[in-house]
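Hello,

Here is the structure I said I would pass on.

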Amino acid sequence: MNITQELAHDIARAAARPLPAPVALMAQQSFLNVLATTIGAAADPAVAAAVRYGQRYGTSPTVPIPGTGTSLDPLRAATTLGLAAHVDDFDDTHLATVIHPGAAALAATFAVGIPHRSTGEQMLRAFALGCEVQLRAGVTMTPWHYDRGWHITGTCAPLGAAVTAILLAHPDPDPDLIERALALAASMSLGQREAFGSMIKSYHPGKGAANGVLAASLAPYDVSIPPDALGGRDGYFAVLSTHHVPARLTSEFGQRWELLDNTFKPYPCGIVCHPAIDAAIDLWPHVAGHLDVIADVRVLCHPLVQELTGNPHPRTGLQAKFSTIHGVAAGLVDGHVALPQYTDARVQAEDIDSVRSRVRLVVDPDRHRDSARVEVDLVDGQTFTADIPHARGSIARPLSTAELHAKARELIDARLPGAAEAIIAAVSAMPDADSPDHLVATIGASSPAPIANDRVGVEL
Amino acid sequence: MNLTTERLAEFAATWPFDAVPEPVIRRVTARLAVTAGLAVMGCWDSPVDVALNVAHSLTEGPGVAMLGREDRLGLPDAPLALATSSLYAASRLGDAGSAGPFDAAVVAAVLTTGQATGAAGNEILAALALANEIATRLEQALAPELRASGWASGCVSSRLGAAAGAGRLLGLDAPHMVWAFGIAATQAAGFSAADGTTVGFLSRAKAASDGVEAAAMASLGFHGSALPIEGRRGLAAVLTPAVDDLTPLTDGLGEQWRVLDLSDMGDIRPHVTAPHTLAAVEHLATAPDLKALLEGSLVDAASA
């Protein structure tokens, strides 16, 4: 049996059993986390453009887009949902691979589970396995694939989404069907990192999800596939990565879950920014209201911080998500870092700009990726420091359930006022739900808030 | 600074239709005739049925027509089915058509978008010329390295060519064409290991839909990176790192037409049994729209 077939058999076996309790909980939390980020991003210009595209060129609107008051056809819905879940860089991260698996998995779950009227338990299981397959594929080719320049969240998305979609459309799938879906999805990868800083970055998990849904829709037909589409000599892994470790794809599948290492972002920006932002927030009481006393701010950080988020002068919210310097400045000025700190207006504000100009990165090769130290020199000679050994939201210091719910409330209530508690409760009740109806009803229960001026998009 | 994407985008968006040389128009017309004829011959083949069944199951409603069939699909979905029909029919011709028209996806993107925009025949041919010029340049510059790395034929060129053709017909200006190229470039996909399988056909054909979507999304304000082809982590760097000179992509753009390096597919034409389709293409330059081509294709398919 080749590794594509092996994976297909493993998926079929895992899908035939209930999720282990810790995995079921992580799946629910991951689902809530990305549902909340999807709703929170509903007014983003990229989401608005995707909705316009789906409304103008798509057909048969059967899948709701939470937070927008609209529905789209399954393929355009998957694109838009995956995009929305990821666009604010506020979703989830599997630290070993830096994949953000929830976006594509949620998109496929909605795009297929809702029209098929899947049970809540089916949706969560399909979501979990869709995430797991993305992460397994990613682990198999990490770090070589990302280092080559691929956006791994995009390139792995079709595989996971195809699995999610197949499991929802065919609750007891034959391994051959899963293998065909994987082979089709493998030929639909996407995502080059040049897209970072543009709307296309968030398009990657969205279109990846749509491709996975398409692959799963094609799979039941008389489709001939190449032998070992994933592991073959010129297959998915060989072409997309300079090196890969095949054993990682299926080792202990169903017993050991990469999904348990998924983490939820506490801040809407690149994950390597987070420890420095933690430190800045800790230091805020020392400078609050007296920003002119700040003389110099040093951020001692892992080399990836400079490489991925080293922009010292962002001018837009999108650029600021890749600027640790901005995140630190925002933490020092506002004492709280969330979506409002990443609007164009806040990024360009004089007080933030002024503090940003006094912040610099100091690369420390011995630092762990989830740690940072921020040193603030004041004009009177005092120095305050905050040392973060593990960022909030990291594996060592994951968000608590209360923190996750607080994040969800802030995101959801901003777009669907008053709906957060009902949505949180509906997700909690999913294991016992016999259809998606209640979840869909809570999402559509309140009217979307008007689009704020700070999310102004570009239009032709 | 390398401005490959910007120059190609400006070419696709602004080159005057009446400045496309006549020999180029003749070449793309000849290729279009054969490709369209193949599409009619293949319109009832199994992979096309698969693509259409799936498209209908996921989306319903008015849209654009296939060649040879009454089915109407949404603009983003139709190109996949149309390109599949050309490619699969070519494969059935054996040696004569074994490679399949490399510009099948570009043709599909232009014909479907042209229907949606009501383009006149001469606009269709000119868009095809510009799109194929870009696709051919990409293919010539990058294909050897792509093939050596296991990528499928046309995985890059078809997508950007499709985006260029669709974008021109949708009226994209140069900056928006750059966005379209970015959305298309990031979707380069498909492995040569799948050649000859249904996965291979659908993957090559999907380039058409991906390109149309890229252009359509760009037209609605979905913006992309500035350097999707030549950027540090762009298409060329990631897929063809051994290609360090991208100047062939833009050298002599508008003066030297690489599309003339493509054959007129005269070796395949005798095998194409779609006389009404071929005739409609021959008169496309003076046609007000694609209606005659679509009607001719239905007649051919019915008599096959």
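Between chain B and chain A, 20 residue pairs are in polar contact across the interface, counting pairs with both residues at pLDDT 80 or more. That score comes up because this is a predicted model. On the side of chain B that touches chain A, α3, α8 (174-185), α9 and α10 (235-239) of chain B each supply at least two residues. Of these, α9(B) gives the most, with 10 residues. Sorted by class, that side of chain B has 31 nonpolar, 23 polar and seven charged residues.

The interface also has four salt bridges. One pair that forms a salt bridge is Lys207(A) with Glu213(B), where the closest N and O atoms are 3.2 Å apart.

How many residues of each chain are in contact? For chain B the number is 61, and they touch 57 residues of chain A. The two chains bury about 5100 Å² between them, and carbon and sulfur atoms give 64% of that area.

Now the empty spaces. Rolling a probe the size of a water molecule over the atoms shows where space is left empty.

The structure holds eight cavities of 30 Å³ or more. The largest cavity has a volume of about 210 Å³. Which residues lie nearest the centre of the largest cavity? They are Leu75(A), Arg76(A), Leu214(A), Pro76(B) and Asp77(B), out of 18 residues that line it. By class, the lining of the largest cavity has nine nonpolar, three polar and six charged residues.

The second largest pocket contains about 870 Å³ of space. It is lined by 34 residues, and the closest to its centre are Tyr146(A), Arg193(A), Phe196(A), Glu307(A) and Leu308(A). In chain A, α7 (144-148) and α14 (303-309) each supply at least two residues of this lining. Which helix gives the most to the lining of the second largest pocket? That is α14(A), with four residues. The lining of this pocket is made up of 12 nonpolar, 12 polar and 10 charged residues.

If you open the model, you could start with Lys207(A) and Glu213(B), which form a salt bridge, and then go to α14(A) at the second largest pocket.

Best wishes

Technical notes. Residues are numbered from 1 along each chain as its sequence is written. Chains are lettered from A and ligands numbered from 1 in the order in which they are written. This is a predicted model: local features need pLDDT of at least 70, side-chain atom pairs count only at pLDDT 80 or more; totals for chains, interfaces and linings use all residues. Side-chain values use heavy atoms; hydrogens and water are left out. On a 1 Å grid over the protein atoms alone, a cavity is a set of points where a 1.4 Å probe fits but cannot get out, and a pocket is an open set with protein on both sides within 12 Å along at least five of seven lines; lining residues have an atom within 4 Å of a point. Grid points are joined across faces, edges and corners, and a volume is the space filled by probe spheres set on the points. Ala, Val, Leu, Ile, Met, Phe, Trp, Tyr, Cys and Pro count as nonpolar, Asp, Glu, Lys and Arg as charged, and the others, Gly among them, as polar. Contact means heavy atoms within 4.5 Å. Buried area is the accessible area (1.4 Å probe) that two parts lose on being put together, summed over both. A salt bridge is a side-chain nitrogen of Lys or Arg within 4 Å of a carboxyl oxygen of Asp or Glu. A polar contact is a pair of N or O atoms within 3.5 Å; within protein, one must be able to donate a hydrogen and the other to accept it, and residues adjacent in sequence count only if both atoms are side-chain atoms.
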